[in-house]
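I opened my notebook to go through this structure piece by piece. Here is what I looked up, in the order I went.

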Amino acid sequence: MTPWIMIIAIGVGTYLLRLSFLAMSKPTYPAGMAKALRYVPVTVLAALVAPKIFVINEDLTLIKNPYIIPAVLASLIAWSTKHLGLTIAGGLLAFWTLTWAIS
Amino acid sequence: MGQVPTPQPDLTPFKEFLAGVSRISPVLLGVIPFGVVAGVTATEAGFSFIQTVAMSVIVFAGASQLAALGLYVSGEPIAVIIFTALLINLRMVVYSASLATYLGHLKFRWRALFAYLLTDQGFLVSSQHYENTKPAIQTPYFFFGVSLALWTTWQASTVLGALLGSTLASLPELKFAIPLTFLALLIPALKDKPSIAAALSSGCVAIIGADWPGGLGLGAALIVGLSVGVFLEKTAPEQESP
């Protein structure tokens, strides 16, 4: 029974969080909040990416970190081409090549 | 495929839908392994096939699903599991507020459907698109294409994971594919100094808060990053607004 309670409670709760502002028709925000919303994509993306690359086993890891070099390469590809597919493919290729070369 | 879309206000709804599908397709590469892991993890946690699939259909938010399953396996009380999962999904409120500035003019039934389909990737790709196509009328078809492709991929890969079991669960590149996707979206979005500063400060706080419970680190990173962005925009009025 527990799995079902879990699934439904998290599902309904998450839906209400998603619906929150979308439930309002043409919401208007205070000026400061409207400004802040424009920075949401870059802020969220950076917060999602940085720990996944730099934190391994709950420790900030700058040496012997298999993610840093592929991430730098992928950033260069992203910056020069702005191409989503090329960036992901390049980063994965670099990651595979590096892990293969080291092992 | 994957190129930054040029504004084309004369696109038909179906073409706009397809543009969304095509724009998100490279991102799906990273979603598939994540969905498979969600399927495998639920099965390993003792969920039936129906429960595993139902979780992905009803919750449809990978990070919170994995966190909830982790807590379930370690025997935490159900209230803690639910609370943590919802804390992790609190960022959806911010996405909702932001997306409403583009799609708030739609009928309620559309907004209710799009709320269900709201995800990290779908929001991030679509908000970039809507920002680039301003001030043309914002139509929902792009977001719908992006989100339906994500939804279908997520459900299919969960089913695959539930069927495969643990045979391919812990390949290291599975952990790297999703951050790589986000990185590929982040770099082209860093267009001016406030954006770069917002991203850098948010990233640093997220690293510091990486081991804080229930998405608190992400929350702190959001507050700091957004404040830095808004503050720098105010102090540099000559900067063209993004």
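This is a predicted model: local features need pLDDT of at least 70, side-chain atom pairs count only at pLDDT 80 or more; totals for chains, interfaces and linings use all residues.

These entries go from the overall layout to the chain contact, and then to single residues.

**Entry 1: chain B, overall.** I began with the secondary structure of chain B and found eleven helices and zero strands. Reading along the sequence, I wrote the pattern down as α-α-α-α-α-α-α-α-α-α-α. Next I checked burial: of the 242 residues of chain B, 50% count as buried. I also looked at how far apart in sequence the contacting residues are. Among contacts in chain B with a separation of 6 or more, 75% join residues 24 or more positions apart.

**Entry 2: domains of chain B.** Where they meet, six residues of domain 1 of chain B are in contact with five residues of domain 2 of chain B. On the domain 1 side, helix 4 (78–88) and helix 5 of chain B are the elements that give two or more residues. Helix 4 of chain B has the largest share of that side, with three residues. By class, I listed the domain 1 side as four nonpolar, one polar and one charged residues.

**Entry 3: domains of chain A.** For chain A the assignment gives domain 1 (1–38) and domain 2 (39–103). The centres of these two domains, taken over C-alpha atoms, are separated by 30 Å.

**Entry 4: where the chains meet.** How many residues does each chain bring to the contact? I got 65 residues from chain A and 81 residues from chain B. On the chain A side, the elements giving two or more residues are helix 1, helix 2 (31–38), helix 3 (40–54), helix 4 and helix 5 (84–102). Helix 1 of chain A gives the most, with 16 residues. I then sorted the chain A side by class and came out with 44 nonpolar, 14 polar and seven charged residues.

Entry 5: I followed helix 1 (residues 2–19) of chain A over to helix 5 (residues 91–103) of chain B; their axes come within 7 Å and cross at roughly 35°. Thr14(A), Leu17(A), Arg18(A) and Leu19(A) are the residues of helix 1 of chain A here, and they meet Met92(B), Val93(B) and Ser96(B) in helix 5 of chain B. The class tally for this contact is four nonpolar, two polar and one charged residues.

**Entry 6: the core.** The largest nonpolar core has 101 residues, and those touching the most other members are Ile10(A), Leu45(A), Ala47(A), Val49(A), Leu183(B), Ala184(B) and Leu186(B). Leaving aside neighbours within four places in sequence, Ile10(A) is in contact with Val59(B), Ser64(B), Ala68(B), Ile82(B), Ala85(B) and Leu86(B).

**Entry 7: Ala71(A).** My last stop was Ala71(A), which sits in helix 4 (residues 68–81) of chain A. Is Ala71(A) buried or exposed? Ala71(A) has 23 other C-beta atoms within 10 Å, so Ala71(A) is buried, the cut-off being 20 or more. Leaving aside neighbours within four places in sequence, its contacts are Ile53(A), Gly91(A) and Leu183(B). Gly91(A) is 20 residues from Ala71(A) along the chain, yet 6.3 Å separate their C-alpha atoms.

Note on methods
Residues are numbered from 1 along each chain as its sequence is written. Chains are lettered from A and ligands numbered from 1 in the order in which they are written. A nonpolar core is a set of buried Ala, Val, Leu, Ile, Met, Phe, Trp, Tyr and Cys residues joined through C-beta atoms within 7 Å. A residue is buried if 20 or more other C-beta atoms lie within 10 Å of its own, exposed if 12 or fewer, and partly exposed in between; C-beta atoms are placed from the backbone. Two residues are in contact if their C-beta atoms, placed from the backbone, lie within 7 Å. Domain bounds come from an automatic or database domain assignment. Helices (H or I, at least four residues) and strands (E, at least two) are DSSP runs, numbered from the N terminus. Axes are lines fitted to C-alpha atoms, for helices over the stretch in contact, and angles run from 0 to 180 degrees between N-to-C directions. Ala, Val, Leu, Ile, Met, Phe, Trp, Tyr, Cys and Pro count as nonpolar, Asp, Glu, Lys and Arg as charged, and the others, Gly among them, as polar.
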